[in-house]
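Notebook open, structure loaded. I wanted to go through the sheets and a couple of helices, one at a time.

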Amino acid sequence: MTSNLRWKVLLVLIVVVLSAWRASYTFRYLSLDEEQKAAMPAETVEELEARSLRLGLDLKGGMHLVLEVDKEGLPADEARDVMDRALEVINNRIDEFGVAEPSIQREGENRIIVQLPGLRDEQRAKRLIGKTALLEFVPVATPDVYDLAFRAIDRALVDTMRAHGELPEEDELVLSEAEQAARERPVTAKAILPGDIPYFAEEDVPWVREQLERLDLDEILPHKEGQPGVPRVRIAWDNETRTMQDGKEYRAFYLLEDEAIMTGSVVVSAEVRPGLDPDYPNSPGVQLRLSRSGGRIFADYTGEHVGEYLAMVLDGVVQSAPVIRDRIPAGTPASITGTFTDAQAKDLSIVLRAGRLPAPMTVVEERTVGPSLGRDSITLGVRAMLIGGILVVLFMLLYYRASGLVAIGALAINILVVVALMSSLPVSPKPALTLPGLAGIILTIGMAVDANVLIFERIREEIRNQKTVRAAIRDGYERAFTTILDANVTTLIAAAVLLQFGTGPVKGFAVTLSLGILASMFTAIVATRVVFDLVTLSRNVKRLSI
């Protein structure tokens, strides 16, 4: 055996062994039914799934969403490109979320179709995609502004309740002092004040929200124009509750200045970190790094407002509102803390990194594709592959006899290599196999056999020209190589175009087609040649079964 042939044999063996090892995870995972998965340790199932070929929405099931972008109120120049920006933000969020081969497409003037294969936590995905993610750094109103606001709210609410006959006449009841206070200041009477920020019992929050919705808050809350020296304020609730000494859950009620000192546009990065808040040492937080300009604004503001509250508000909900203890120099990261779960902290960091949606979105259609549909598709696809494969095997055996057997072996290696490459590509998210992708694999099976047919026909011609078996094999491969290379390169170019400009399943087809072509060139030109060389070298072959 020559040194060149020895290296080729070694290369083929390495490829076959590695491909079989890697593809075994896929075959093992796909052979499990739901009951078998439930009986196995969760870690084992997750490892198998992570190392196996990922399936697309049409094969595995998943989530189909239609989102509608609300362009109302946007300036004309912003409305023109709001869809492009929304698509980019959703793409970034889903990339960070780690869904394999999502399909995100624009439909019409104001709709976006999102398909997420294999998604299990549907509610979490909807929250992540639909969150506007407007992050603001907003000063909290001072106690005297709180007092003015509560007095105005109570007065307006009492007037409203009297106008609707919801309060009895004063002389109809004999009230205690506390009852009289609750009658005159219905909202304030339900609040407690453990510090500078008022809290409401969680059971009272729905009632307070409902009463506030009855009022025209823009008119009654302290206003710059109406109250010189007093900032206009808006209402926001805390995103979490706090357990007080009486054992009940309370939620903080914030009055925020209407203008933020800066927004999330100054956030350069957002990372999940444990132990950022000593009050919640076991809960992860999100650490924000600000741009240079944002850091300067942050440093200047904190230097001038020591002892005051500064709230971080996401989509109108206060995430945290620490007291400024000292000036925070530029370059120091800011933190959003609280009783986050790992998933909540991760989702928050994703939306902050991916950026803000340019306009609110609502889910107008939601469908879940069940795994049973995927199983049916896989069954039909595998059946098509088996029928096609059997016909190809019969043809090759009948027409090319022992050489056809070599081509069939190469075909099996080709499928192993494609599955192994699809399940181990070092890209994130890893490409998933869809129905078009399955068609791509079936197509490459035909192309792999086609390459062998070209080679075998050239060898036959050389044998008819009275050449020896070894010379016929050598010349047959050399003559067929150029034709095979030309055909595969042109197909690869077409696949590259599909990969660049296609979306979703079209990209999946392009990926499997490209990998199948590369694998078929290796098996048809290298692997089968190694077998022929080994056979003709080890034996004194006078005739070739072809």
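This is a predicted model: local features need pLDDT of at least 70, side-chain atom pairs count only at pLDDT 80 or more; totals for chains, interfaces and linings use all residues.

I started with strands β2 (residues 62-69) and β4 (residues 111-117), which pair in the antiparallel sense over seven bridges. Looking along this pair, I found L65 opposite V114 in β4.

Then I traced the whole sheet: four strands, open, in the order β3-β4-β2-β16, with antiparallel pairing. At the edges I noted β3 (103-107) and β16 (361-369), each pairing on one side only. Neighbouring strands are turned by 15° against each other on average, ignoring direction.

I moved on to the other sheet, an open one of three strands ordered β11-β12-β15, again with antiparallel pairing. Here β11 (267-274) and β15 (334-336) each have a single partner strand, so one side of each lacks a neighbour in the sheet. The twist averages 30° from one strand to the next. I checked β12 (residues 284-290) against β15 and found three bridges, running antiparallel. V286 sits opposite I336 in β15.

Last entry, helix α12 (residues 342-354). I get 18 Å from the first C-alpha to the last over its 13 residues, close to the 18 Å expected at 1.5 Å a residue. Which residues of α12 are buried? I listed A345, D347, L348, S349, I350, V351, L352 and A354. Just after α12, I saw G355 take a positive phi of about 100°.

Notes:
Residues are numbered from 1 along each chain as its sequence is written. Side-chain values use heavy atoms; hydrogens and water are left out. Two strands pair if DSSP finds at least two bridges between them. Helices (H or I, at least four residues) and strands (E, at least two) are DSSP runs, numbered from the N terminus. Axes are lines fitted to C-alpha atoms, for helices over the stretch in contact, and angles run from 0 to 180 degrees between N-to-C directions. The expected span of a helix is 1.5 Å times one less than its number of residues. Buried means under 20% relative accessible area, exposed over 50%, partly exposed in between (1.4 Å probe, protein chains only).
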